[in-house]
Amino acid sequence: MDLRLSNEERPDATIVAVAGELDVESAPQLDEHLTAAIDGTPTLLVVDLSGVDFLDSTGLGVLIKAYARQRDAGSEFAVVASADRITKVFRITGMDSALSVHADLESALAG
């Protein structure tokens, strides 16, 4: 399955919606997309994984890299993950305590 990416620019945030499978083959595409979004220096970058069917460690690594870049720039980073199969990856790796993971977009935007 192909990875589909789209951006929504808001005055206070950039939302990157991700759909499809986020794995070793598609992770570089997301990495490039997030790098471009971060270069726009949003105050808050939200990566919405609501449309993601599969997430592996390579995809998780891309999210961690983007988080680190946002943090180093003094900006905020949040992830939306509502499906159990996706939130489980964050839980078993312990990244749910390092990253700001939310069940829906509204709570991610609210902080």
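Q: How are helix α1 and helix α2 oriented towards each other, roughly parallel or roughly antiparallel?
A: In this predicted model, helix α1 (residues 27-39) packs with helix α2 (residues 57-72), and their axes are 9 Å apart. The angle between the two helices is about 15°. Angles under 35 degrees count as roughly parallel. That makes the orientation of α1 to α2 roughly parallel.

Q: What is the handedness of the crossing where α1 passes α2, and how many charged residues does the contact hold?
A: The crossing of α1 with α2 is right-handed. From α1, the residues that make the contact include Leu30, Asp31, Leu34 and Ile38, while α2 brings Val62, Leu63, Lys65 and Arg69, among others. Sorted by kind, the residues of this contact are 7 nonpolar, 4 polar and, for the charged ones, 4.

Q: Which residue of β2 is the bridge partner of serine 6?
A: Let's start with the two strands. Strand β1 (residues 4-10) pairs with strand β2 (residues 13-22) in the antiparallel sense, over 7 bridges. The two strands form a hairpin with 2 residues between them. Across this pairing, the β2 partner of serine 6 is alanine 17.

Q: Which strands stand at the edges of the sheet?
A: The sheet is open and has 5 strands with mixed pairing. Its order is β1-β2-β3-β4-β5. An edge strand here has a single partner strand, so one side of it is left without a neighbour in the sheet; the two edge strands are β1 and β5.

Q: What is the geometry of the aromatic pair, stacked or edge-to-face?
A: The structure holds 1 aromatic pair. The ring centres of tyrosine 67 and phenylalanine 77 are 6.1 Å apart and the planes are at 65°, so the pair is edge-to-face.

Technical notes
Residues numbered from 1 in each chain as written. Predicted model: local features only at pLDDT ≥ 70, side-chain atom pairs only at ≥ 80, totals over all residues. Heavy atoms only, no water. Axes fitted to C-alpha atoms, helices over the stretch in contact; angles between N-to-C directions. Helix = DSSP H or I, 4+ residues; strand = E, 2+ residues; numbered from the N terminus. Parallel < 35°, antiparallel > 145°, perpendicular 65-115°, else oblique. Left-handed = near helix turned anticlockwise from the far one by under 90°. Contact = heavy atoms within 4.5 Å. Nonpolar A, V, L, I, M, F, W, Y, C, P; charged D, E, K, R; others polar. Pairing = 2+ DSSP bridges. Phe/Tyr/Trp six-rings, centres within 6.5 Å; stacked < 30°, edge-to-face > 60°.
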